[in-house]
Amino acid sequence: VQLQASGGGLVQPGGSLRLSCAASGIMFSRYVMNWYRQVPGNQREFVALITKTGSTNYADFVKGRFTISRDNAKNTVSLQMNSLKPEDTAVYYCNVLYYARDVWGQGTQVTVSS
């Protein structure tokens with residue numbers, strides 16, 4: 001199982017970015033997909049999830065600003081991030097729990113700064 005994240009970058013406060021994560025080696029449509037983020041020195045924290053049926057759940061600090069979605073035909077999960085704040089600066093990781101094992105993508109850096 002491999003997860004490949006992309007789409008990070010530098011954006012000004014109030015701006016938007018769209019992250020994508022491509023999955024391979026997995027029956028993608030059967031799994032809950034997650035996004036996490038991590039700031040150096042801090043623990044990795046949950047951002048959002050989407051179930052195989054499309055139900056979603058978000059951390060309180062991104063509700064109303066971030067939207068998670070999936071395309072089962074393309075084996076991808078995306079995270080649309082709007083109204084970005086400097087405190088959203090982090091490395092963002094996609095994740096899947098595969099047979100009781102956490103599988104992580106390589107992470108993509110998001111920097112929100114003027």
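In this predicted model, the largest nonpolar core has 32 residues. W35, L79, M81 and Y92 have the most contacts inside this core. Eight strands each supply at least two of its residues: strand 1, strand 3 (17–24), strand 4 (33–38), strand 5, strand 7 (66–71), strand 8 (76–81), strand 9 (90–98) and strand 11 (108–112). Strand 9 gives the largest share, five residues.

L79 illustrates how these parts of the chain meet. Beyond its neighbours within four places in sequence, L79 is in contact with L17, R18 and L19, among others. Its partners also include W35, V47 and A48. F66, T67, I68 and Y92 complete the list. Two of these partners, W35 and Y92, are themselves among the residues with the most contacts inside the core.

The model contains four salt bridges. One of them joins E45 to R37, with the closest N and O atoms 2.8 Å apart. E45 is partly exposed, because its relative accessibility of 31% lies between the 20% and 50% limits. R37 is buried, since its relative accessible area of 6% falls under 20%.

R37 also forms a salt bridge with D88, and here the closest N and O atoms are 2.9 Å apart. This pair links distant parts of the chain. D88 sits in the loop between strand 8 and strand 9, whereas R37 belongs to strand 4, 51 residues apart. D88 counts as buried, because its relative accessibility is 1%, under the 20% limit.

A further salt bridge connects D88 and R65, at 2.7 Å from N to O. Again the pair links distant parts of the chain. R65 lies in the loop between strand 6 and strand 7, 23 residues from D88. R65 is buried as well, because its relative accessible area of 10% is under 20%. Through shared partners, salt bridges join R37, E45, R65 and D88 into one network.

The surroundings of D88 extend beyond its charged partners. Leaving aside neighbours within four places in sequence, D88 is in contact with R37 and R65, and also with F66, S83, V110 and V112. One of these residues, F66, is also in contact with L79.

Two other sites were examined. S6 is located in strand 1 (residues 2–6). S6 is partly exposed, because its relative accessible area of 38% lies between 20% and 50%. The C-alpha atoms of S6 and L19 are separated by 5.8 Å, although the two residues are 13 residues apart along the chain.

T51 lies in the loop between strand 5 (45–50) and strand 6 (56–58). The side chain of T51 makes a polar contact with the side chain of T53, at 3.1 Å. Not counting residues up to four places away in sequence, T51 touches V32 and R70.

Technical notes
Residues numbered from 1 in each chain as written. Predicted model: local features only at pLDDT ≥ 70, side-chain atom pairs only at ≥ 80, totals over all residues. Heavy atoms only, no water. Helix = DSSP H or I, 4+ residues; strand = E, 2+ residues; numbered from the N terminus. Buried < 20%, exposed > 50% of the residue type's maximum accessible area, 1.4 Å probe, protein only. Polar contact = N/O pair within 3.5 Å; in protein donor to acceptor, adjacent residues only side chain to side chain. Contact = heavy atoms within 4.5 Å. Core = buried A, V, L, I, M, F, W, Y, C linked by side-chain atoms within 4.5 Å. Salt bridge = Lys/Arg side-chain N within 4 Å of Asp/Glu carboxyl O.
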